[in-house]
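Thanks for making time this morning. I would like to walk through one structure with you, going from the parts of a chain to its contacts and then to a pair of helices.

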Amino acid sequence: MTQDKTFGSRLFDIVNYTLLGLIALIMILPFLHVVAGSFTTAQELAQKQFVLFPTVFSLDAYRYIFSTSTIFRSLGVSIGVTLFGTLLSLFLTALMAYGLSRRDLDGRRVIMFLVVFTMLFQGGLIPTFIVVKSMGLIDSLLALIIPSAISAFNLIIMRNFFMNLPDGLEESAKIDGAGDWGILFRIVIPLSMPVIATISLFYAVTYWNTYLPAILYLNDNAKWPIQILLRQIVVLASGLSADTSGFDESFVAPPEQTIKMAVIVVATIPVLLVYPFLQKHFAKGALLGSIKG
Amino acid sequence: MGQSAVTSKVSIGGSKPKSALLRRLVKNRALYLMILPGLFFFLIFKYIPMFGLVIAFQDYKPYLGVLNSPWVGLDNFRRLFEEPMFFRILSNTLILFGMNLVFYFPVPILLALMLNEVRRNGFKRVVQTLIYIPHFMSWVIIVSITFVMLSVDRGIVNEMLAAMGLAKVNFLLNADWFRPMYILQIIWREAGWGTIIYLAAMAAIDPQLYEAARMDGASRFRQMWHITLPSIRGVIVMLLILKIGDVLELGFEQVYLLLNSANREVAEIFDTYVYTAGLKQGQYSFSTAVGFFKSIVGLILVMAANWLAKKAGEEGIY
């Protein structure tokens, strides 16, 4: 596209690019500050104010947080829940989305309505808690997965993607004698990698970031995922929070700023590691759903 | 035996469409099997809790269960409206919601307008990548970073204030700072991600419109105002309705993490109240009534907003 080269238009570009660059920088700066702070000593942080570049490099904070088994246990829980949860969610969502994407299916509209309605109205915290409790899931890691196994939003995105695949593919597969399972796993899914990547990212991030289900359903500290540990170390240890229940003895002394920063980094890194690989897919995949949804 | 065989024969002969439906059900049995686990999920974890709302009309005792707990009619709702805390929670909720609409909602639109004007694709992609990142961080991480940066003791913001000769501010223990902090965190986490849908709508605008506008000598601002914005009006209205539907879903996690005894007056909202009163203090029925009230108001608001949008000639969400 040719752009006009008037003075006003150029000025517009300069201001626009500068502002956007600044905004992007401001959004990422707090995190970079925390990363930088986690790699220095507590003294350095206390004496010299710096935003990004400490003069002393130190791994003390990481050495400290990895000196107890607490953080390994939490990371293990989070990794396990994320891997298993994402696989299960993806499987259940893809199956249901494919079934609902087939135009010739009786009852499809009723089921879709049931799904969409849950986005507008829900039973809420206590009734859901009672259901989860009556299923014996309290203090089970499955409580972090099963009650949130399918997101209606992700289901709709995936269904819309499946519906937009050319009909001819299924027809010709049927003529070749493929059943519905065969069509789904051998034709539809291989063609749907952008949406599969997107939805995997959404689910994985949700499971990694899981917080509310953990404080609702888990009383046993040994099963706490990393987010709960992070809350303990940073939020509760500041002595500010309303809720000081279940304080873990190993972190009673208010931790140094650098230690808090290191825990933040550890809790964030996995998301940031996966993000660039899936990033090229997800905007496209997310759109397919949101425009039609 | 003989008679049932006769009737079934009659019914087969008598209702062709029914047997055609049956045949389709059998033919598609694999598809139903695929839907079944998901359907069970929605019934168990979404619909049973909806019926579980009946405990709002009971004096629910865990050892009696939903079926045996005594009925108390509207007592819990009566208590709700008599509770002095109720009006504070209601006004806190509405104020945070209003701030969301006024301060957050326009930000992704503005950002998308700016990004849409960028012609260098490399620059655009870098900016997008960076501003999407906070969306993928949990509220615990967002709040933790805020705490670390704003703490009075060695937080970078307060150290900078001190270096400039200003007094330190205890942002985290100050009721006046709760609302600005809340809305800034939301903008930080969601504004970038919120641009995606607007950018997509803008990408669908016919380039010839801009061509023609330039011929007529329209400046970049006029092109934005007269072409880009009107073209995405439908999307803006749709997202506004969805936002209104979220009126009372202000985010339990974020508010609960920020909540402390110093800011409870302004920070307590329906969700945090339900959690504290219900699960921490065991007032199951009362807090379910609070939650029920909230859900109903939310549902009514989204339906009203949708109705208004349709009246105004927009598409609405359903």
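Chain A is divided into domain 1, residues 7-58, and domain 2, residues 68-292, with bounds that come from an automatic or database domain assignment. This is a predicted model, in which local features need pLDDT of at least 70 and side-chain atom pairs count only at pLDDT 80 or more, while totals for chains, interfaces and linings use all residues. Residues are numbered from 1 along each chain as its sequence is written, and chains are lettered from A and ligands numbered from 1 in the order in which they are written.

Coming back to the two domains of chain A, their contact takes eight residues from domain 1 and seven residues from domain 2, where two residues are in contact if their C-beta atoms, placed from the backbone, lie within 7 Å. On the domain 1 side, α1 and α2 (42-47) of chain A each supply at least two residues, and α1(A) gives the largest share, four residues; helices here are DSSP runs of H or I with at least four residues, strands are runs of E with at least two, and both are numbered from the N terminus. By class, that side of domain 1 has four nonpolar, four polar and no charged residues, counting Ala, Val, Leu, Ile, Met, Phe, Trp, Tyr, Cys and Pro as nonpolar, Asp, Glu, Lys and Arg as charged, and the others, Gly among them, as polar.

As for the chain as a whole, chain A has 13 helices and zero strands.

What does chain A share with chain B? In all, 81 residues of chain A are in contact with 84 residues of chain B, and on the chain A side the largest share, 15 residues, comes from helix α1, residues 7-38. That side has 54 nonpolar, 21 polar and six charged residues.

One local detail concerns A:Asp139, which is found in the loop between α6 (125-134) and α7 (152-163) of chain A. Its phi is near 65°, a positive value in a residue other than glycine. Most residues other than glycine have a negative phi.

Finally, in chain B, helix α6 (residues 84-104) and helix α11 (residues 175-203) pack with their axes 10 Å apart, and the residues that meet include B:Leu96 and B:Phe103 in α6(B) and B:Ile183 and B:Ile187 in α11(B). The residues of this contact divide into eight nonpolar, one polar and one charged.

Notes. Axes fitted to C-alpha atoms, helices over the stretch in contact; angles between N-to-C directions.
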